[in-house]
Amino acid sequence: MTFTLEPLSPPLRLLLGPGPSEVAPEVLEALSRPLIGHLDPAFLKLMDGIMEGLRVLFRTRNRLTLPISGTGSAGMETAISNLVEADDRVVVAICGYFGARMAEMCRRRGAKIVTVEAPWGGPVDPADVVRAVAAGPTKAVCIVHAETSTGVLQPLEGIADAVHEAGGFLIADTVTSLGGVPLDVDATGIDAAYSGSQKCLSAPPGASPFTISERAMEAVRTRRTPVPFWYLDLTLLNRYFDAGDRVYHHTAPISNFYALHEAIRLALDEGLEARWRRHAAAGAALAEGAAALGLDLLVDPRWRLGVLTTIKVPAGVDEKEIRRRLLAEEGIEIAGGLGPLAGKVWRVGLMGHGARIENVERLLAALRRLL
Ligand code: PLP
């Protein structure tokens, strides 16, 4: 049997879905730089830079702040599989697809799960989470800060204090918030947070920014049972990433880390607050432009996430067909709804390099024509 492949030639797209997002030319260029070894002093220095840059972006002093090799779900698995053990009572806030994924991972770890749920399109009431924590000995609260399935920014007030008082830990999914939405890990009292490289950081998927407090790491070190995943065991990863030791654990995805390095460098050059403002301005322009087209948004302005907007599909409009034509005729990618929102909303991401007014205008002009 003979088989040949055509030379690689991906189409040019404007990525305005929930991720991956548009990538800056400097980041794309970084992917083509020559490889070096994963224990080369130059690579270890690059890792140190990534770790320090991530501390700035997460607003944390946590020493163990690193990119996990894998996508955002690997970060989620790392946080949960290191901190949650069988029979631990874990409170999981669910108001969308990714909260449900956190619950599923906790279930697979054998945790006793207490869910606090709210309808898709709004946040979970933090007071309900606090009440659930108070109702029993709680090892962890799992919560999504920016729910990409609905476009809701989750308020976190009071949750860290409640779970800390119970002796437990706050695990926050910041996949869609890091670098795009105000986030301050230390001031909020988050014990472990993970993110994705392909959202507001605008790097390719494959590295999950991760941070964990020293208090939470102490709990990992004193677990009753070994971390179930050798690959994601933070005590082992710590020895590879920590400056004092640097023992081989796995071969870091070199080119991916190059790209992440450049994406972080660009974010730091822009300045975190300026970056948050740019994202907010792009999201506001989309909300305004959608209203001018007679389109309704799913989420109340109080909780609305500028980096991910859910637009209700007007009655009589074929949701999938509009997306198909946007891609085929305009080269623009947006996404449809997940779970109960399937067929009912479009999800538009204005993240990282893509969070620009000219992209909003291009999308609105295309929607005006197609609708
Ligand atoms: N959590 C949230 C809020 C997400 O939006 C996503 C992906 O979209 C994930 C987790 C999972 O990340 P990944 O698809 O990179 O594994």
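Okay, before anything else: what we have here is a predicted model. Let's start with the whole chain. The protein chain has 13 helices and 14 strands. As for burial, 47% of the 371 residues count as buried. And if you take contacts between residues at least 6 apart in sequence, 72% of them join residues at least 24 apart.

Domain 1 is made from two pieces of sequence, 14-19 and 272-370, while domain 2 is 25-268. Their C-alpha centres sit 26 Å apart. How many residues does each domain put into the contact? Domain 1 supplies 24 residues and domain 2 supplies 25 residues. On the domain 1 side, the elements giving two or more residues are α11 (272-292) and β11 (308-312). The biggest giver there is α11, with 4 residues. If you sort that side of domain 1 by class, you get 13 nonpolar, 7 polar and 4 charged residues.

Now the ligand, which I guess is what you've been waiting for. There are 14 residues around the ligand, and the closest are T71, G72, S73, T148 and V175. Which helix gives the most to that shell? That's α3, residues 72-83, with 3 residues. By class, the shell has 6 nonpolar, 7 polar and 1 charged residues.

The buried residues of α9 are L234, L237, N238 and F241. They span an arc of only 110° around the axis, so they're on the same side of α9. The background is simple: an α-helix has 3.6 residues a turn, so residues three or four places apart point the same way.

The peptide bond from G19 to P20 is cis, with omega near 5°. You'll find P20 in the loop between β1 (14-15) and α1 (25-30).

Then there are two residues other than glycine with positive phi. One is S202, where phi is near 60°. S202 belongs to the loop between β9 (192-194) and β10 (207-212). Is S202 buried or exposed? It has 27 C-beta neighbours inside 10 Å, and the cut-off for buried is 20 or more, so S202 counts as buried.

The other is R246, with phi near 55°. R246 sits in the loop between α9 (234-241) and α10 (254-270). Here there are 14 other C-beta atoms within 10 Å, so R246 is partly exposed.

Key: Residues numbered from 1 in each chain as written. Predicted model: local features only at pLDDT ≥ 70, side-chain atom pairs only at ≥ 80, totals over all residues. Buried ≥ 20, exposed ≤ 12 C-beta atoms within 10 Å, placed from the backbone. Contact = placed C-beta atoms within 7 Å. Domains from an automatic or database assignment. Nonpolar A, V, L, I, M, F, W, Y, C, P; charged D, E, K, R; others polar. Near = placed C-beta within 6 Å. Arc of directions from axis to C-beta.
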